[in-house]
Every structure is written in structure tokens, then in C-alpha cells.
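Reader: I'd like to learn how to read a few local backbone and side-chain features. Could you walk me through them?

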Amino acid sequence: MTSSAPIFSPAALRAYLPDSGNSADAVYWVGFSGGLDSTVLLHALVQLQLPVTIRALHINHQISPHADQWQARCAVICAQLGIEFTAEKVSVINSGKGIEDAARAARYAVFESYAGAGDFLLTAHHANDQAETLLLRLLRGTGPRGLAAMAVQRPLGQATLVRPLLNFSRAQLESYAREHQLQWVEDESNQDDAYDRNFLRNQVLPLLAIRWPGFMRKWQQTAELCAEQELLLEAIAQEDLAAAAPRAARIGQSIDLAFLRACAPARQQNLLRYWLRSDGCSTPEQNHWQQIQAQLLQGREDAEANVTWGDVSLRVFRARLYLLPVPLPEMALTLIETSDNQSLRLKMGLPNLHIRTRVGGERCKPAGRNHSQTLKKLLQEYSLEPWLREQLPLVYSGDELVAVGDLWVCDGVVAGCDEAGYRLVWTGGAE
């Protein structure tokens with residue numbers, strides 16, 4: 001990156017557009033709010049006359065009383081530019097993380113639904129937005145991943161999200177807009193300093209710019225360096241996860257606890273964060289990391305520790321660390337009629353077949369055993385995870401226990417090689 005900021009122009013913008021997008025079948029979806037930033041982006045794209053299809057996608061959050069007027073204004077701007085315009089209304093529901101976060105989630109869900117495989121979704125985030133994002137994350141506490149702020153590109157479903165204006169300031173965009181006599185929508189909520197981002201934009205960043213005029217360029221460099229570090233950390237985490245022998249469980253998945261314990265604490269966190277992200281799970285807060293260290297990584301292997309946050313749980317069993325959903329899904333037992341002689345099958349024709357759950361004290365004799373044992377001891381031997389034992393389905397014929405989940409069929413009720421029987425399958429819902 002050069003030390004001086006580039007002057008914004010369509011030619012300068014071209015350098016930050018994805019090279020693979022210059023083909024006749026590529027589509028550039030532009031997230032078009034109608035504000036200054038997205039208006040400049042859309043106008044400059046049109047001037048380039050690229051061999052791509054450009055479409056504007058407007059999200060009506062229905063928060064402002066002027067939302068419908070903004071949508072109509074956006075339609076007019078696109079008509080003037082000769083750009084296909086699409087608008088979607090969304091319902092923004094604050095789930096506890098703030099209205100800004102809820103609006104963003106709703107907006108990106110629509111973006112992902114429209115941008116297909118090979119498409120690009122272009123947003124008009126600029127250098128000022130990047131500085132605000134970096135400072136917000138720093139104030140909330142973060143590491144290199146958070147300090148990388150907004151990536152220039154990242155996957156968005158089957159498409160690619162691109163932010164081509166990150167190296168240009170809002171002042172540069174305003175200069176371009178004045179030069180070309182552009183008109184745009186002004187969102188009155190941008191002046192409300194009750195929102196954290198607005199407070200930084202209106203009160204903090206102007207003061208920083210007076211004392212350190214080039215700070216946004218420096219911060220962009222910091223974000224890029226942190227992004228490079230994050231790529232290195234992710235590569236290490238990928239190698240570590242492979243070495244930790246991940247495998248699917250009946251519910252959730254698990255990794256080798258001994259390998260994890262042998263890693264240095266920083267590497268443990270790096271591996272766990274990557275594992276959680278790869279499964280679409282939220283990452284722990286600092287107090288949860290302390291619990292993970294104390295209860296799971298430094299605790300006894302037979303301890304029934306359970307560290308939970310949000311809809312995620314980590315538990316230990318038989319030298320494995322399990323990643324589980326919260327709450328656990330309901331499991332269901334299915335009896336499949338089959339003549340497959342390779343599997344242990346329950347005889348057909350047994351009277352009064354029904355399913356019960358455990359009450360305690362049950363005994364049975366699995367096929368091939370010399371004597372009966374308590375169900376509790378057998379479940380320990382078969383290594384069924386403790387958190388699944390309470391909902392384990394027991395198959396009875398009358399008052400006789402004839403099968404336990406899909407773990408075993410009891411002696412005397414196994415289908416012979418030349419007869420049909422029931423293969424038992426015990427599975428859970430979506431993980």
C-alpha cells in the first residue's frame with residue numbers, strides 16, 4: 001500500500017474490483033441504500049461500462065418513517081442510471097444484540113438469497129467505516145481476527161462479498177458526488193449518537209483526524225496485517241484440528257482430548273475457536289475460556305463437566321472433547337425391516353413390541369454374552385455418552401427387554417441368517 005491515499009475515480013475503483021468478475025455471465029449485485037456511499041459506488045460502476053450485469057439490491061428495514069420514500073428514491077436513481085432495481089422489505093427484530101446488529105443480520109440474509117454461485121455482492125463500506133469497525137471491536141475486546149475488521153472479500157453463501165471502497169475515505173466520495181452532482185438519501189438516524197457507531201463517527205473520529213490526519217490509512221494497514229496474521233493462525237488451526245482426529249458423534253462431534261491438552265494454551269484456544277467457527281458455533285467469552293481450562297482441559301477425565309454458552313456445550317467423555325448443541329435434539333428409534341445378514345437384527349413377529357425409557361435397575365443379556373448384566377454397566381462398556389443415556393430407547397416385547405437402542409439385541413431374539421428382521425437405527429434431529 002502506498003503512503004498517500006488514492007484519489008477516488010472510476011479508474012481507481014477498477015483496481016479493487018474482482019478480476020474474475022470481468023466476464024459476460026458475471027453479476028455484480030450492489031447493496032444500494034441510496035445513501036452517499038452506495039450512490040457513488042453505483043454511479044462509478046456504471047461509468048466503467050464493465051462487461052458484467054449490474055443490479056441494485058435495496059433493503060427496506062422499515063425502521064425509519066421515511067423508509068418507503070427512500071425506497072422510491074432509490075428506484076428513481078437506478079432508473080436514471082439504467083440499472084435493474086430490486087427492493088426487499090425485512091422485519092428487524094432485536095434479539096438482544098441491538099437493533100444495528102439485527103438490521104445487519106436481516107440485510108445480509110437477503111443479500112445471500114439473491115447473489116448466486118459466481119456472483120459478487122458489492123457493498124460501499126469505505127475507510128471511515130473500517131476505522132469505526134476496528135475501534136468498536138477494540139473497545140469490546142478482540143484479537144487479530146477482530147482487528148482485521150472488515151475483509152476486502154469474503155464468501156457470502158455461494159457468492160463473494162466484495163468491499164471495493166475500503167481504501168477511499170468518505171471525504172473522497174463526497175468530492176466525487178459533488179463533482180458529478182449526485183443526489184442521495186440522508187438517513188436522519190446517522191445523527192443519533194445513542195448508537196455506538198454514530199458516536200464514534202460524529203464525536204471521536206473527527207478529533208482523531210485533527211490530531212492524526214492520516215490515522216485511517218494507518219488503521220487500514222493494521223487491519224490488513226491482522227488479516228494476514230489470522231490467515232496464518234487459521235492454517236495452524238487446520239493442521240491441529242486434523243491432528244486432533246475429529247469425528248462425528250451421534251449428536252455433535254468430538255476431538256482427541258490428549259492432543260488438545262498437549263498444546264500450549266494459546267494454541268488450544270486457536271484450535272477450539274477454529275473448530276467452533278467451522279461448525280457455525282459462537283465462540284466463548286473470556287469467562288467461558290477460564291471454565292474450559294479449569295473444568296475440561298485441566299480437570300479429571302471422568303469428571304462430568306459441562307461448559308455451556310448460548311446454544312453450544314463442551315463436554316468430556318472417554319478422552320474426547322465433545323461439541324454439542326444446546327438443547328440436545330430428541331432422538332428417535334426406527335425399526336427397518338431387512339434381510340441384511342451383515343447386521344445384528346431383531347426377530348420379527350415378537351408380540352406387543354413397544355418402547356420404554358430407563359427407570360433404573362434393568363438387566364439384560366446381549367446376544368453372544370454368557371450372562372446378563374445391569375444396563376448401567378453395559379452402557380459404560382459400550383461407551384455410550386452419558387448425556388444420551390437418559391433418553392436411550394429400550395425395546396420390549398411385553399415385559400421382556402429385547403433390544404437397547406441400536407447398541408445391541410438381546411440373546412434369544414436375534415433374527416437368523418435366513419429370515420427377515422428389524423435393523424435398529426437410533427438417530428437425532430438436525431445438529
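This is a predicted model: local features need pLDDT of at least 70, side-chain atom pairs count only at pLDDT 80 or more; totals for chains, interfaces and linings use all residues.

Reader: Okay, which residue's side chain does the side chain of Asn167 make a polar contact with?

Author: Its partner is the side chain of Arg217, at 3.5 Å. As for location, Asn167 sits in the loop between β6 (159-162) and α7 (170-179).

Reader: And is Asn167 buried or exposed?

Author: The cut-off for buried is under 20% relative accessible area. Asn167 has 9% relative accessibility, so it counts as buried.

Reader: Now the backbone. What should I expect for phi and peptide bonds?

Author: Most residues other than glycine have a negative phi, and most peptide bonds are trans.

Reader: Then where does Gln62, with its positive phi, lie?

Author: Gln62 is in the loop between β2 (53-60) and α3 (67-81), and its phi is about 60 degrees. With 45% relative accessibility, Gln62 counts as partly exposed.

Reader: What is phi of Ala245 near?

Author: Phi of Ala245 is near 50 degrees, again positive in a residue that isn't glycine. You'll find Ala245 in the loop between α9 (215-243) and β7 (247-248). Ala245 counts as partly exposed because its relative accessibility is 37%.

Reader: Is the peptide bond from Val326 to Pro327 cis or trans?

Author: That one is cis, with omega near -5 degrees. Pro327 belongs to the loop between β11 (320-325) and β12 (331-338).

Key
Residues are numbered from 1 along each chain as its sequence is written. Side-chain values use heavy atoms; hydrogens and water are left out. Helices (H or I, at least four residues) and strands (E, at least two) are DSSP runs, numbered from the N terminus. Buried means under 20% relative accessible area, exposed over 50%, partly exposed in between (1.4 Å probe, protein chains only). A polar contact is a pair of N or O atoms within 3.5 Å; within protein, one must be able to donate a hydrogen and the other to accept it, and residues adjacent in sequence count only if both atoms are side-chain atoms.
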